[in-house]
Amino acid sequence: MHSPQTLFLAGRGGRIVDDLIADFGDYAAECDAFDRGLCLADAADFGLLRVSGVDAAAFLHNQFSTNVLSLTSGQGWYSTYNSPKGRMLASLFLWRDNAGNDADAPVFFILLATDLAETIRKRLSMYVLRARVTLEDVSASCAFLSLCGAGVASIPTSGATCVGLNALPKLHHVQTQNGITVAALSPTRLLLILPQKTLSKHWLKFSQHAHLAGRHLWRRATILDGIPLITAATSDRLIPQFANWDALGGLDFQKGCYPGQEIIARTRYLGRVKERLYLARCDKASVFTAATPLYSPAFGEQSCGFVVNAAPDRQGQIMLASLQTTATDNPIHVVRSDGPILTLLPLPYELPADEAPNRIKL
């Protein structure tokens, strides 16, 4: 069954493929619009958790990989929720609400993959115990759109009011205004979270100033930023450094303990990170699903990694793939050892230098 947002956008010209709005009829034109101007895209890959209560900050601080206690009103950051073995159960964008909540009873919101939202809420609920914390999955009441593209940078000078916003938040900050929550996830991607019941009104306002685009364009933009979205297919498979979470600022090595902290710290301090996230392109038009295995001659018939996220490009597809670093000196094949070959591309950020202090061998 299609979601209310999907049905609404289909009624405005969106083309449904595999239960999502793939595009609005001309994907190449959407890519062009993104590169030159501003797109209004379907961004309904997300679920949203609301965490409130007197102990909310301390509770989340003890569960997640970043310093939640240091977040100020309206400030957000990438974080991760991990298993005791240090593997990412979910990738998160977390922020402290700026809607006038009492400092003694803060409200936090957690953005994560839609197919993990309820699973993570239930898992977190197991550890609340006597903490004064309320966890809610508010995904169903929200619509998720994005203003994205090169034109995002010009919105402050051209006037944010042209798209119905009083002002734009700084990078990695979140503002709620006029019933819309705006999260600045990257220099080219603003996420708009609004009540599902107001989607029609806001769509009419935003669509007058931006090129309409589907979820494939949104996914392509996220991949080009080098930011992986952990979904049910890839949950509990990657140590955060294997997803470049340290490069994205999603790990705080100075805070106290949290699930998986010992493994994550050991990966950093006691040896090299042997697996990393890579940006890659493939000529094959049919987009690979998450967790599709990758192969390298250096590993024979054994997989050397897997696809994390993928989306169509103007030609072929673009993806984020987690790979053994030693595999990248050879051709990387998808699906099987003689499958289509990937072309690795530069990431838009620098990876941390390997940190392995000198140790005395006994």
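What is the volume of the largest cavity? About 40 Å³.

Ground rules, briefly. This is a predicted model, with pLDDT of at least 70 needed for local features and 80 or more for side-chain atom pairs, while totals for chains, interfaces and linings use all residues. Numbering runs from 1 along each chain as its sequence is written, and side-chain values use heavy atoms, without hydrogens or water.

Cavity first. Here a cavity is a set of points, on a 1 Å grid over the protein atoms alone, where a 1.4 Å probe fits but cannot get out. Points join across faces, edges and corners, and the volume is the space filled by probe spheres set on them. Searching the whole structure at 30 Å³ or more gives one cavity.

Which residues line the largest cavity? D252, F253, K255, Y258, Q261, I264 and A265; lining means an atom within 4 Å of a point. By class, that is four nonpolar, one polar and two charged residues. Ala, Val, Leu, Ile, Met, Phe, Trp, Tyr, Cys and Pro count as nonpolar, Asp, Glu, Lys and Arg as charged, the others, Gly among them, as polar.

Now backbone. H172 is not a glycine, yet its phi is positive, about 65 degrees. H172 sits in the loop between α5 (155–158) and β10 (174–177). Helices are DSSP runs of H or I, at least four residues; strands are E, at least two; both are numbered from the N terminus. H172 is buried, at 12% relative accessibility; buried means under 20%, exposed over 50%, partly exposed in between, with a 1.4 Å probe and protein chains only.

D236 also has a positive phi, near 65 degrees. Its loop runs between α7 (215–224) and α8 (261–269). D236 is partly exposed, at 40% relative accessible area.

Definitions and conventions. On a 1 Å grid over the protein atoms alone, a cavity is a set of points where a 1.4 Å probe fits but cannot get out, and a pocket is an open set with protein on both sides within 12 Å along at least five of seven lines; lining residues have an atom within 4 Å of a point.
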